[in-house]
Amino acid sequence: MVHPRYGSQTPTFEVTGKYAYSDGRYAVDLFRGYGATFFPCQEHELELFLARDENGDFATLTICISKPRQNGKSYGARWYAVLAAVIEGKKVLFSAHHGRTVRKMFKAIREIVEGNPDIAKELKPKGQGVYKAAGSEGIYFANGGMIEFQTRTSSGARGETYDIIIVDEAQELTQGQVEAMKPTTLASDSGDPQMIYLGTPPGPECSGTVFKQMHDKVHAGGEGIWWLEWSEDEPQDLSDHDAALDAAYRSNPALGYGIRERVMVDAIQTATDAAGFNREYLNWWSKSVANAAISATEWALCATEKPPEGGIVSYGVKFTLDGKWASLAACIRPESGKPHIEVVQVRSTARGITSLANWLAERKGDTAQITIDGKAKAELLEKKLRSAKCPKRQVVVCQTKEVTGACSMLEDMVSEGSVTHFDQPGLNESVKTSPKRLVGNAGGWAFDGDQSAAIESCALALYGAMTTKRNPQKKERML
């Protein structure tokens, strides 16, 4: 008999404080009678939402929960909102970035209230209990408790007063939106306000900064935040399907419950963007950097959909420090106009680099230069390319001066707007998260950070294209 497998109900990272007691068990038992079905991790969340100190006040005023998508981040919170409003008479605000999320939550909580006569009888009378107007949805109880629903803006919620604010899609939360919402709890009737943040790691197109800053603060040992997180510390190599599935079971508490294993296996096997999969399915938090080497604004201005149609082609290969990943980039340098860079592929080296060497060797007749960096595998790749009879001057393994020269050249050309690139999400993320790392004593620098390989491979490809004297259209004697 094969025993079913379930996602971990224990957070991979948890920071909480002491509390005297909690009504969490009471809430779970109560709402099971109304049809609620909780995962063990959601029972734990309710315990923390309702944790109290010796004076009966909330044991914490700020709780954050981070899980991958479709793992029931808001399920416990919706029932908690009902309990707070119906039993304790509290004023609750449910806030989300997208209007459809707000409408979905309004529908879910409304069904809880109207579908259970014991709860529905607590509504305000004469049709005043449920307000359905789009953009102003709310549920109001005779005891003064209420649950209002709002799509976030930088001015929304000003002038209102709430006891509890549930911030869904917290990864999208901006500082301006916090400044509009949080002061609404200062004069709460209970004098004991609470904010609950529910979110995932922000993606490369996300404008929110607050949730990431909170994540970084608590992981650095900062106080004042209770944090529950199901995630992977390091990105998974998706070519190892079994290891990736094990990681999914660690970071997805709903796996085996609401998420079927075969669906996750399919997602692993068909993923084309490793960083995106790790972020969306495994809740992986990439390292963000405030002092990126290249300005994100200047980088965005260099994006194009129309690269040059012809010119000298060079490739850059950057191996990560541990040699487990290789980023391959290309640069086209036309006879006139701006050179163009792009990432061709980011691949695992778990099964060797022969396929990478073969790919490059197949194009040796049309390639001006292949510029390689990364001590772990650079010399091995060079040896394979030599064995494939690539011209001697075509393959360049970088020394320090070439690496620093390539990085500085790219920075200067982006600043001047004299280079173009495709709008590739993974490459954009690499730019945003890669600061400068000083090299030597002469002021040289290279890119740093966990995701710097992509942008550095582009720098190498550009450097090769701009400095090589080889012209692949001219025949060379093989050395």
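I take contact to mean heavy atoms within 4.5 Å. The model is predicted, and local features need pLDDT of at least 70, side-chain atom pairs count only at pLDDT 80 or more, and totals for chains, interfaces and linings use all residues. Residues are numbered from 1 along each chain as its sequence is written, and side-chain values use heavy atoms, with hydrogens and water left out.

**Entry: T200**

I looked up T200 and found it in the loop between β10 and α7; helices (H or I, at least four residues) and strands (E, at least two) are DSSP runs, numbered from the N terminus. Leaving aside residues up to four places away in sequence, I listed its contacts as S66, K67, P68, R69, K73, Q171, F211, N283 and W285. T200 counts as buried because its relative accessibility is 4%; buried means under 20% relative accessible area, exposed over 50%, and partly exposed in between (1.4 Å probe, protein chains only).

**Entry: the sheet**

I traced an open sheet of nine strands with mixed pairing, in the order β1-β11-β4-β10-β9-β5-β8-β7-β6. Two strands pair if DSSP finds at least two bridges between them. At the edges I noted β1 (13-15) and β6 (130-131), each pairing on one side only. I then followed β9 (residues 164-167), which pairs with β10 (residues 194-199) in the parallel sense over four bridges. Within this pair, I165 stands opposite M195. I found α7 (residues 210-219) lying across β1, β4 (62-66), β10 and β11 (226-229), at about 100° to β11. Here axes are lines fitted to C-alpha atoms, for helices over the stretch in contact, and angles run from 0 to 180 degrees between N-to-C directions.

**Entry: the second largest pocket**

I read a space of about 840 Å³ for this pocket. A pocket is, on a 1 Å grid over the protein atoms alone, an open set of points where a 1.4 Å probe fits, with protein on both sides within 12 Å along at least five of seven lines; lining residues have an atom within 4 Å of a point. Grid points are joined across faces, edges and corners, and the volume is the space filled by probe spheres set on the points. Of its 34 lining residues, R69, Q70, K73, K104 and D168 are the closest to the centre. I noted that α3 (75-86), α4 (99-114), β10 and α10 (274-282) each supply at least two lining residues, and that the largest share, five residues, comes from α4.

**Entry: E402**

I located E402 in helix α14 (residues 400-416). E402 is buried, at a relative accessible area of 16%. Its C-alpha atom is separated by 8.2 Å from that of Y463, 61 residues apart along the chain.
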